[in-house]
Amino acid sequence: MKAISVDNLTRDYGTFRAVDHISFDVEPGEFFGFLGPNGAGKTTTIRMLTGLSEPTEGTALIMGYDIARDTYHAKEHFGVVPEVSNIYEDLSAWNNLMFAGELYGLSYTKRTARAREILDIFDLAEFRDKKVHGFSKGMRRKLTLGMALIHEPDILFLDEPTSGLDVESSLLLKEILSRMNREGTTIFLTTHTLEEANTLCNRIAIIVKGRIAAVDAPENLKKTIQTTQSVEVSLDSMTPRVTEDLAAIKTVTSSRHEGNKLRLFTPYPGDVATAVFAYAGEHHLKILSINTVGPSLEDAFLSIVQKQRNHRTGEMP
Amino acid sequence: MIPRPPTARIWRELKSAWAITKKDARIYYLRPGIIMFGVLFPLFLFLSFAIGRNLSADVLVPGLMAISVFFAASSIGPMAVPTERKTKTYERMVTAPVSPLSILFGEIAGGAIFGAIIATIPLVIGIAIYGTRIANPVGLIGALILISFAFSAMGIMFAAIPTDNPGDVMMILNFIRLPLLFVSGIFIPVSAMGVYGVVALASPLTYAKDIIQYALTGAGYYGPFIDTLGMVLFSGIFLWIGVYLHERNRKAG
């Protein structure tokens with residue numbers, strides 16, 4: 001049985017089609033990333049998968065239960081962490097966890113044991129009786145995740161979980177998610193942070209304008225654009241003239257500034273690196289750093305999004 | 001998975017609904033908006049009409065009790081639901097394995113308990129100052145439960161207005177609540193309304209005030225059977241419309 005099985009899922013808002021016949025499966029124990037540009041249909045999809053709205057067409061099965069028809073059983077199997085930390089500001093951390101436990105039908109003994117465990121895992125034990133409105137953003141995020149985990153769900157839906165968090169809280173959260181996934185929880189993650197998806201996810205689906213553009217492992221997605229290899233170079237003088245000269249090296253297809261470095265895209269990085277050395281010698285410039293770089297998930301994402309946009313635009317009358 | 005018997009499911013739904021009720025009590029009962037629109041506003045409105053008119057305690061106490069329940073019970077839902085839409089905590093309940101009916105029952109019970117508690121204040125004042133006697137204590141408890149439920153369900157029905165600002169719902173609700181005060185026999189007895197007394201039949205507050213009066217004094221205008229029937233009917237209508245509208249909002253996403 002698949003953890004999540006989506007078949008031809010479609011959602012219309014009036015005449016606007018937000019999600020357009022998407023299909024994909026998520027295996028039990030998988031860490032599945034769901035990426036897309038703003039307005040691509042990520043949130044609409046997650047809302048349908050969690051029963052917050054109903055599909056216009058198609059089905060979504062959660063551990064074999066149809067979320068639209070057998071909502072009750074489907075909902076028993078997942079927890080949700082939305083983009084906004086939806087906790088009760090006027091309740092203490094403990095009472096928030098107790099409320100979540102009661103909603104999921106946990107006995108008093110079970111929910112108090114789980115709440116203690118969660119407060120310890122998330123380093124919130126000393127704040128258990130404090131009202132949430134005094135909590136930092138990181139603490140709120142951890143409590144939201146804790147509330148989603150109170151009933152030990154098979155699947156966890158996460159919508160931009162590290163959005164707005166500082167580096168330390170973000171790393172801690174990612175570490176917890178990785179550990180939970182290793183322990184068997186299926187994770188469905190939507191994120192804008194490609195690095196996050198790259199390091200955490202087993203597979204990634206990219207949605208563009210309501211349609212699935214690609215579903216594959218991050219490494220396979222990168223391979224689809226193997227031609228976008230590049231040479232990243234930093235010289236002691238990066239004047240517009242130097243930049244222009246380097247971008248004009250034979251086989252360089254395009255260039256991009258990244259901080260004080262210039263990235264030269266080419267199918268032949270070795271040749272370009274040799275040409276850069278020659279140019280620096282000729283002009284008495286010092287090379288501060290030079291690296292050949294393979295395609296990143298970001299490159300793959302941008303390439304897939306662009307192709308899909310061009311494809312959809314071509315379809316328009 | 002071994003299927004659970006239906007009774008286990010019902011029991012679990014009831015426990016979830018009770019959790020929602022407790023949560024509402026902890027968070028909303030002492031909110032300034034609730035104290036203002038649910039308690040102080042109707043109290044001063046009533047006093048401004050009652051003082052100087054030499055009304056007897058038999059008219060004053062049931063009238064004040066009726067409008068106390070009316071305003072208090074119908075204020076919790078319009079405060080809680082839009083606030084929770086704004087903070088997205090309403091979504092937390094919707095994504096849990098709890099039926100839409102149980103969520104609304106939980107919210108309604110939150111308002112109903114608040115309404116019943118507030119109604120005891122004028123009763124205690126009536127007993128202490130005017131020596132009010134309760135002709136039918138059991139009937140009064142039953143009446144308060146029924147009335148609180150009906151008015152709380154009314155509040156939940158209005159809370160389906162798709163907004164995340166409680167003020168928007170309160171404004172529309174007051175647009176309905178205030179005129180009802182004047183056609184429900186609170187300030188002018190239904191018997192004195194002449195042909196306009198027909199309008200009173202369309203107001204749930206009429207039956208509420210009448211049944212409280214009956215329970216306190218042993219005499220009412222319509223009698224306990226019609227009053228109970230009226231309150232049950234209004235409760236059913238409010239609940240049905242409320243469930244329908246809240247579900248429609250959810251499906252619309």
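This is a predicted model: local features need pLDDT of at least 70, side-chain atom pairs count only at pLDDT 80 or more; totals for chains, interfaces and linings use all residues.
Biologist: How many residues of S8(A) are buried?

Modeller: Five of the five residues of strand S8 (186-190) of chain A are buried, which leaves the strand mostly covered. Strands (E, at least two residues) and helices (H or I, at least four) are DSSP runs, numbered from the N terminus.

Biologist: And which strand does S8(A) join by five bridges?

Modeller: That is S7 (residues 155-159) of chain A, which runs parallel to S8(A), and A:Leu158 stands opposite A:Leu189 there. S3 (residues 31-35) of chain A is also joined to S8(A), by four bridges and again in parallel, with A:Phe32 having A:Phe188 as its bridge partner. Two strands count as paired if DSSP finds at least two bridges between them.

Biologist: What do S7(A), H6 and S8(A) make together?

Modeller: With helix H6 (residues 167-182) of chain A between them, S7(A) and S8(A) make a right-handed β-α-β unit. Right-handed means that, with the strands pointing away from the viewer, the path from the first strand over the helix to the second runs clockwise.

Biologist: I've been looking at A:Ser169; where is its place?

Modeller: A:Ser169 is in helix H6 of chain A, and it is partly exposed because 17 other C-beta atoms lie within 10 Å. Apart from its neighbours within four places in sequence, A:Ser169 is in contact with A:Gly138 and A:Arg141, where contact means that the C-beta atoms, placed from the backbone, lie within 7 Å. Its C-alpha atom is separated by 8.5 Å from that of A:Met139, 30 residues apart along the chain.

Biologist: What about A:Glu160, what is its phi?

Modeller: A:Glu160 is not a glycine, yet its phi is positive, about 50°. Most residues other than glycine have a negative phi. A:Glu160 lies in the loop between S7 and H6 of chain A. A:His21 is another residue other than glycine with a positive phi, near 50°, and it lies in strand S2 (residues 16-26) of chain A.

Biologist: Changing topic, what is the strand order in the open sheet of four strands?

Modeller: The order is S12-S13-S11-S14 (chain A), with antiparallel pairing. S12 (254-258) and S14 (287-293) of chain A are the edge strands, each pairing on one side only. From one strand to the next, the twist averages 20°; for such angles, axes are lines fitted to C-alpha atoms, for helices over the stretch in contact, and the values run from 0 to 180 degrees between N-to-C directions. Helix H9 (residues 240-247) of chain A packs on the sheet, touching S11, S12 and S13 of chain A, and its direction makes about 20° with that of S13(A). Helix H10 (residues 269-282) of chain A also packs on the sheet, touching S11, S13 and S14 of chain A, at about 15° to the direction of S11(A).

Biologist: How many residues of chain A are in contact with chain B?

Modeller: 21 residues of chain A are in contact with 22 residues of chain B. Helices H2 (71-76) and H3 (93-103) of chain A each supply at least two residues of the side of chain A that touches chain B.

Biologist: And in chain B, how many residues of H6(B) are buried?

Modeller: 16 of the 22 residues of H6(B) are buried, so this helix is largely enclosed by the rest of the structure. H6 (residues 137-158) of chain B reaches 32 Å from its first C-alpha to its last, close to the 32 Å expected, where the expected span is 1.5 Å times one less than the number of residues. H5(B) is followed by B:Gly131, whose phi is positive, near 65°.

Key:
Residues are numbered from 1 along each chain as its sequence is written. Chains are lettered from A and ligands numbered from 1 in the order in which they are written. A residue is buried if 20 or more other C-beta atoms lie within 10 Å of its own, exposed if 12 or fewer, and partly exposed in between; C-beta atoms are placed from the backbone. Two residues are in contact if their C-beta atoms, placed from the backbone, lie within 7 Å.
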